[in-house]
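Welcome, and please open your viewer. We will go from one selection to the next and look at what is there.

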Amino acid sequence: MDDHELLARRFEEHRSHLRAVGYRMLGSLAEADDAVQEAWLRLSRSDTSGVENLGGWLTTVVGRICLDMLRSRTSRREDPLDVRVPDPVISDLRGADPEQEALITDSVGLAMLVVLDTLAPAERLAFVLHDMFAVPFDEIAPIVDRAPAATRQLASRARRRVQGAGPAPDRDVARQREVVEAFVAASRGGDFEALVALLDPDITLRVDGGVLARNLSKVVQGAKSVAGQALMYQRFAPLARLVLVNGTVGTLTAPEGEARSVMSFTVADGRVVRIDILADPERLALLDISGLDD
């Protein structure tokens with residue numbers, strides 16, 4: 001085995017971790033893969049003979065790449081839509097496979113990723129690398145061109161934003177499933193009062209239709225308004241199946257194996273406090289749902 005092959009093998013040992021870093025930074029599976037690929041190209045062109053911790057070195061490299069991508073995304077206004085739901089990680093109710101699990105550990109749900117999207121790029125980097133991957137501030141500071149103390153403040157501001165985004169969600173999957181099943185049953189039956197009873201009075205519904213279905217994109221607030229939206233699409237309710245969306249119970253609508261929508265539910269104190277729906281045909285077409293149970 002030559003030096004290049006050995007380096008490639010060492011890189012592959014870190015790929016799933018690096019993809020998880022990219023996913024948390026970007027909220028996009030495709031962009032996360034691009035960031036990981038760019039990290040490999042930089043590694044293959046670098047002299048790493050003096051690097052003692054290759055995993056740590058690669059983590060900071062991916063962080064720097066993602067920071068550049070976030071800043072470019074902002075400056076070019078790549079996401080002009082008012083509503084953006086990040087890419088979901090879907091698995092059947094038995095749980096995610098090891099590769100998917102690496103992406104969604106630490107309960108990185110869609111609601112969390114939506115909050116991360118509201119952070120400034122440097123704040124997101126500091127929070128993700130330090131709070132989610134335990135990278136020391138003195139290693140993050142050069143990436144954001146700040147002193148360690150200022151970098152700590154970036155992460156602190158981001159942490160307050162994340163913690164203040166809403167009530168802590170229920171972690172009990174069985175309880176989540178009970179609430180989501182009741183929601184689906186009420187939607188199928190057209191039971192408006194049952195829907196309202198399942199929803200928090202201050203619930204927020206976000207729908208991302210992307211560019212091709214821009215007319216579907218919306219933000220709806222309040223239990224009665226969200227229940228009304230659910231009844232507007234009552235005819236699709238029988239097609240919804242329960243799945244795990246980023247590790248929490250949600251639904252997938254995929255008639256004849258073609259994904260039409262993914263719904264992520266945030267349940268707290270037995271009620272739905274947030275629903276995030278991806279209805280973007282372009283991104284839904286990229287989802288791999290072939291391994292899900294029927």
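Predicted model: local features only at pLDDT ≥ 70, side-chain atom pairs only at ≥ 80, totals over all residues.

Residues are numbered from 1 along each chain as its sequence is written, and side-chain values use heavy atoms, with hydrogens and water left out.

**The sheet**

Begin by showing the strands (DSSP runs of E, at least two residues; helices are runs of H or I, at least four residues; both are numbered from the N terminus). Seven of them make an open, mixed sheet in the order E1-E4-E5-E6-E7-E2-E3. Its edges are strand E1 (90–91) and strand E3 (218–221), each pairing on one side only. Pairing here requires at least two bridges found by DSSP between two strands.

Next, select residues 199–208 and 271–278: these are strands E2 and E7, paired in the parallel sense over six bridges.

**Helices across the sheet**

Helix H12 lies across E2, E3 and E7, at about 45° to E2. Contact means heavy atoms within 4.5 Å; the axes are lines fitted to C-alpha atoms, for helices over the stretch in contact, and angles run from 0 to 180 degrees between N-to-C directions.

**Salt bridges**

The structure holds 16 salt bridges (a side-chain nitrogen of Lys or Arg within 4 Å of a carboxyl oxygen of Asp or Glu). Select Asp 276 and Arg 206, whose side chains meet at 3.6 Å, N to O. This pair links E7 with E2, 70 residues apart, and both residues are buried (under 20% relative accessible area; exposed is over 50%, partly exposed in between, with a 1.4 Å probe and protein chains only).

Then try Arg 19 and Asp 33, a salt bridge of 2.5 Å, N to O. Arg 19 lies in helix H2 and Asp 33 in helix H3, so the pair ties together parts 14 residues apart in sequence.

**A surface stop**

Finally, select Met 232, Tyr 233, Phe 236 and Leu 239, which make a nonpolar surface patch of about 360 Å². Patch residues have over 30% relative accessible area and no salt bridge; like charges are joined within 9 Å, nonpolar side chains (Val, Leu, Ile, Met, Phe, Trp, Tyr) within 5 Å. Accessible areas come from the Shrake-Rupley method with a 1.4 Å probe, and for residues only the protein chains shown count as cover. Leu 239 sits in the loop between H12 and E4.
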